[in-house]
Amino acid sequence: MFKGSPVVCGIAWLFCLFLLAPLAVIVAVSFGTERFIVFPPTGFSLRWYGEALSNLRLIAATWNSVKVGAAAGLLAVVLGLLVVRGQDRLAPGKRQFFNLVFLLPVTVPSIVFAIGLMFFLRSIGLLNSTTGLTLGHTVVTFPYAVRMIAASAPRGLADLERAASILGASPLQVFRRITLPSLRTGGFLFAFLISANNVTIALFVAGARTETLPVRMFHMTINELSPVLAAISTLFLAFTMIALVGMEKLIGVYRTLEARGSG
Amino acid sequence: MLASSPLHARIWEGTRRYWQILVPTLFILFVFAVPIGQLIVTSFYAYDPLRIVSDRLTIENYTAILSNSLLWAVISRTIVLSLLTTLIAGVVAFPVAFRLQQAGKAERFVLVMALLSPIVVSPVVLAYPWLVLLAPNSGLVPETIRFFGLTPPHLMYSNAGVLIGLVYGESVFMVLCVHAALENIPLSLVRASRVLGATPWQSFRRVILPLSLPGLASGALLVFSISTSSFMMPYLLGGRQVPVLATYAYDMASVLMNWPSAAAVAGILLTLTGISVGLFGRWISKLERELGNV
């Protein structure tokens with residue numbers, strides 16, 4: 001179709017530039033010398049990285065993000081595996097019903113869920129706690145984990161497991177040799193990435209001591225647009241993009257998400 | 001056999017068989033459905049300055065919002081900006097999706113990474129460069145406009161700024177949906193139309209576009225509903241000057257601490273999402289039915 005049509009090519013690449021160029025702006029600003037942001041930057045310095053890495057609140061927030069991301073990612077993967085395996089045993093009609101149930105967190109606006117979660121956690125005494133935040137992030141990352149696992153798990157994983165156990169494998173062996181390999185799909189890493197980058201949930205349910213990195217960055221952005229923020233953004237962006245490139249190369253994140261978009 | 005056994009045995013048998021699907025279902029019920037339910041209930045309680053939520057049932061949170069012309073401006077801004085975002089995304093999606101289909105390995109990889117980045121990268125990070133680029137006095141975009149001897153419009157803290165942010169953050173979902181739809185169109189159909197003398201534009205208009213309409217429609221639903229509930233971009237690029245429903249709800253909940261009103265604003269947002277899912281959903285299934293008949 002439209003092979004090499006310059007208009008099609010032009011629009012496509014302009015859009016691509018529109019998506020990627022702003023990310024380069026962050027990197028450029030982070031190496032600047034001025035305290036007031038000038039773009040394009042006038043000199044080169046690493047002092048904003050020094051300031052970012054010696055900012056104790058930023059470090060504490062990063063550590064919170066890592067903790068919550070790891071716990072939520074793990075929970076999401078376990079729940080996702082249960083969904084994928086459990087659906088194998090259902091009749092097609094029922095499967096559709098459960099599909100709808102598990103799609104709900106995607107359909108409901110995350111800010112609506114965040115406010116609801118704030119009320120809920122307050123009434124059970126978990127507002128501002130890491131546990132409450134982890135529960136919220138599990139809900140947000142769980143649909144992605146299901147997608148990732150479903151895309152890689154062979155249809156009838158349960159049958160494979162049954163076959164293995166009939167052939168004399170112990171439950172532990174079945175889990176290690178059959179179930180676990182299907183977990184190695186990047187489901188955990190992707191859930192971790194989504195959790196680490198999420199800001200809405202933590203903005204409502206995290207306290208000053210449990211705030212995550214994006215929440216800290218949000219408050220910094222509101223207060224003052226400093227180059228320190230560009231430095232931490234660059235580090236955060238580099239981590240996210242490297243992980244994303246790796247996962248795209250290994251498992252094809254784009255394909256998996258596209259299937260979600262159309263389904 | 002199951003039906004004749006005693007109840008507890010049936011429950012036991014069902015649990016043993018279906019525990020794998022039951023655990024995540026119960027999790028979603030408790031950690032997702034209960035909070036949403038609590039949000040809806042809270043929106044019907046009166047605000048109390050001391051205890052935040054009083055025990056008096058009322059509908060005045062909603063009537064206060066719906067009788068406030070300022071709030072109607074917020075609602076219509078949310079809808080109009082989301083529709084514009086959807087429209088722009090729909091126009092851009094086809095060229096990008098075509099390019100994605102034809103691209104070689106390296107080009108495809110760059111395109112895919114460009115499309116994935118706004119989905120994964122935190123909106124806090126995504127907003128930062130636009131704050132730099134659109135800044136009224138020194139930003140690159142207003143400076144460029146001045147360079148051509150024109151007066152730049154207000155971009156920061158304006159509808160235009162929020163629209164740029166929404167297109168930047170949410171429009172890629174449309175590309176994903178349209179590309180998925182294009183992949184499902186048999187190439188032979190397109191070739192046939194070309195062999196029979198259609199110009200590239202005609203075969204797009206008459207063959208490709210009709211066949212990819214369901215994908216376009218699901219993309220529109222996705223982009224529209226994500227845009228209406230988008231919070232970070234409108235808050236950082238629009239601020240309090242141009243509130244949308246999501247940013248208004250945030251200010252209500254976190255700054256003014258009026259939880260019942262915040263819940264009611266969220267309830268309106270939820271209703272808006274429900275209406276758009278219903279309308280777009282009917283459109284999508286109608287399109288799919290029509291395609292099924294061809």
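What percentage of the 294 residues in chain B do the buried residues make up? I looked it up and found 45%. A note to myself before going on: this is a predicted model.

**Entry 1: chain B as a whole**

I found 13 helices and 2 strands in chain B. Its C-alpha atoms fill a box of roughly 70 × 70 × 35 Å along the principal axes. I then looked up the radius of gyration, which is 24 Å for chain B, while a compact globule of 294 residues would have one near 19 Å. I also looked at contacts in chain B between residues at least 6 apart in sequence, and 70% of them join residues at least 24 apart.

**Entry 2: chain A as a whole**

Of the 263 residues of chain A, 46% count as buried. Among contacts in chain A between residues at least 6 apart in sequence, I noted that 73% join residues at least 24 apart.

**Entry 3: where the chains meet**

Next I turned to the two chains together. I found 74 residues of chain A in contact with 74 residues of chain B. Which element gives the largest share of the side of chain A that touches chain B? I found that helix H1 (residues 6-30) of chain A does, with 13 residues. By class, that side of chain A has 56 nonpolar, 13 polar and 5 charged residues.

**Entry 4: Glu248(A)**

Is Glu248(A) exposed or partly exposed? I noted it as partly exposed because it has 18 C-beta neighbours inside 10 Å, and a buried residue needs 20 or more. Leaving aside neighbours within four places in sequence, Glu248(A) is in contact with Val253(A) and Tyr254(A), and also with Val112(B), Met113(B) and Leu116(B). I also looked up Gly186(A), 62 residues from Glu248(A) along the chain, and the C-alpha atoms of the two are separated by 9.7 Å.

**Entry 5: helix H5 of chain B**

Helix H5 (residues 123-134) of chain B has 12 residues. From its first C-alpha to its last I read 16 Å, close to the 16 Å expected at 1.5 Å a residue. How many of the 12 residues of H5(B) are buried? I found 11, so I wrote the helix down as mostly covered. The buried residues of H5(B) include Pro123(B), Tyr128(B), Trp130(B) and Leu134(B).

**Entry 6: two helices that pack**

Two packed helices are described by the angle between their axes and the distance between the axes. With that in mind, I looked at helix H9 (residues 187-195) and helix H10 (residues 200-229) of chain B, which pack at an angle of about 145° with their axes 10 Å apart. The crossing of H9(B) and H10(B) is right-handed. Which residues meet there? From H9(B) I listed Leu189(B), Val190(B), Ser193(B) and Arg194(B), and from H10(B) Ser203(B), Arg206(B), Val207(B) and Ile208(B). The residues of this contact divide into 4 nonpolar, 2 polar and 2 charged.

**Entry 7: some loops of chain A**

I found Leu167(A) in the loop between helix H7 (157-166) and helix H8 (171-183) of chain A. Leu167(A) is exposed because 8 other C-beta atoms lie within 10 Å, and 12 or fewer is the cut-off. Leu167(A) and Ala196(A) are 29 residues apart in sequence and 42 Å apart in space, C-alpha to C-alpha.

Gly125(A) lies in the loop between helix H5 (110-123) and helix H6 (130-152) of chain A. Gly125(A) counts as exposed, with 9 C-beta neighbours inside 10 Å. From Gly125(A) to Glu51(A) I read 74 residues in sequence and 36 Å in space, C-alpha to C-alpha.

**Entry 8: positive phi**

Most residues other than glycine have a negative phi. I wrote down two residues with a positive one. Asn128(A) is not a glycine, yet its phi is about 70°. Asn128(A) lies in the loop between H5 and H6 of chain A and is partly exposed, with 17 other C-beta atoms within 10 Å. Met257(B) has a phi near 55°. Where does Met257(B) lie? I found Met257(B) in the loop between helix H12 (245-255) and helix H13 (259-293) of chain B. Met257(B) is exposed, with 12 other C-beta atoms within 10 Å.

Methods. Residues numbered from 1 in each chain as written. Chains lettered and ligands numbered in written order. Predicted model: local features only at pLDDT ≥ 70, side-chain atom pairs only at ≥ 80, totals over all residues. Contact = placed C-beta atoms within 7 Å. Helix = DSSP H or I, 4+ residues; strand = E, 2+ residues; numbered from the N terminus. Rg over C-alpha atoms; globule rule 2.2 N^0.38 Å. Nonpolar A, V, L, I, M, F, W, Y, C, P; charged D, E, K, R; others polar. Expected span 1.5 Å × (residues − 1). Axes fitted to C-alpha atoms, helices over the stretch in contact; angles between N-to-C directions. Left-handed = near helix turned anticlockwise from the far one by under 90°.
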